[in-house]
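The following briefing goes through one protein chain, topic by topic. Please read it alongside the sequence and the coordinates.

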Amino acid sequence: MELPARRTGMSFQRTRMSADRTLMSVIRTSLSLISFGFTIAQVFQKLHESAVIKGAGASRGFGGTLVGIGILLLVGGIVYHVLYMTQLRQERARLAQQQLIHAQSPYPFSLSLLTAVVLLALGVVALLGVSFGLGPLG
């Protein structure tokens, strides 16, 4: 009975790491969208300020849309990750209560989740900058 309990306990760790990798994929994609959208808006705004082009409204809207999509993707990834990890922790606690796994070590906090939340805050700041001309775009 000892070996199956250890294997089941290790499978929880592998599943947790898999969920973290999934969140990191969402982070990578949303970071690309946010940074690309912000860059598009900023480049066209600078071109407008230098009188190279007449209007930058469409590019600002496009850049803002990309930033918004990146933020929505990130929010969805965070919500999915939190719900999944909550379910996984509950299942782990249930199996530990039934003494089917040891569960002696604490369940670690997800650094990927912390990174996603920080990126979400930066994405909101970028969206405000693109939308209202705050910060470097102002």
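At 35% relative accessibility, Arg 94 counts as partly exposed, a class that lies between buried (under 20% relative accessible area) and exposed (over 50%), as computed with a 1.4 Å probe and protein chains only. Arg 94 forms a salt bridge with Glu 91, the closest N and O atoms being 2.4 Å apart; a salt bridge here is a side-chain nitrogen of Lys or Arg within 4 Å of a carboxyl oxygen of Asp or Glu. This is a predicted model, in which local features need pLDDT of at least 70 and side-chain atom pairs count only at pLDDT 80 or more, while totals for chains, interfaces and linings use all residues. Residues are numbered from 1 along each chain as its sequence is written, and side-chain values use heavy atoms, with hydrogens and water left out.

**Salt bridges**

- Glu 91 is partly exposed as well, with a relative accessible area of 30%, and because Glu 91 and Arg 94 are three residues apart in helix α2, about one helical turn separates them.
- By the rule given above, the count comes to two salt bridges, and one of them joins the side chains of Asp 20 and Arg 16 at 3.5 Å, N to O.
- Asp 20 and Arg 16 are four residues apart in helix α1 and are therefore separated by about one helical turn; both Asp 20 and Arg 16 are buried.

**Overall architecture**

- The secondary structure of the chain comes to three helices and zero strands, where helices (H or I, at least four residues) and strands (E, at least two) are DSSP runs numbered from the N terminus.
- From the N terminus on, the order of the elements is α-α-α, and of the 138 residues of the chain, 33% count as buried.
- Among contacts (heavy atoms within 4.5 Å) between residues at least 6 apart in sequence, 78% join residues at least 24 apart.

**Nonpolar cores**

- The largest nonpolar core has eight residues in all, namely Leu 23, Val 26, Ile 27, Leu 74, Ile 78, Leu 113, Ala 116 and Leu 119; such a core is a set of buried Ala, Val, Leu, Ile, Met, Phe, Trp, Tyr and Cys residues joined through side-chain atoms within 4.5 Å.
- To this core α1 (2–49), α2 (57–97) and α3 each supply at least two residues.
- Apart from this core lies another, of six residues, among them Phe 12, Met 85, Leu 88 and Ile 101.
- If neighbours within four places in sequence are left aside, Leu 23 is in contact with Gly 77, Ile 78, His 81, Ser 112, Leu 113 and Ala 116.

**Aromatic pair**

- The count comes to one aromatic pair, by a rule that pairs rings of Phe, Tyr and Trp (its six-membered ring) if their centres lie within 6.5 Å, with planes under 30 degrees apart taken as stacked, over 60 as edge-to-face and the rest as tilted.
- The ring centres of Tyr 80 and Tyr 84 are 5.9 Å apart and their planes are at 20°, so the pair is stacked.
- Tyr 80 counts as exposed at 52% relative accessibility, whereas Tyr 84, at 28%, counts as partly exposed.

**Surface**

- The accessible surface of the chain comes to about 8,500 Å², of which 68% belongs to carbon and sulfur atoms; accessible areas come from the Shrake-Rupley method with a 1.4 Å probe, and for residues only the protein chains shown count as cover.
- Phe 109, Leu 111, Leu 114, Val 118 and Leu 122 form a nonpolar patch on the surface, together with about 530 Å² of accessible area; patches are made of residues with over 30% relative accessible area and no salt bridge, like charges being joined within 9 Å and nonpolar side chains (Val, Leu, Ile, Met, Phe, Trp, Tyr) within 5 Å.
- Leu 114 is found in helix α3 (residues 111–132) and counts as partly exposed at 44% relative accessibility.
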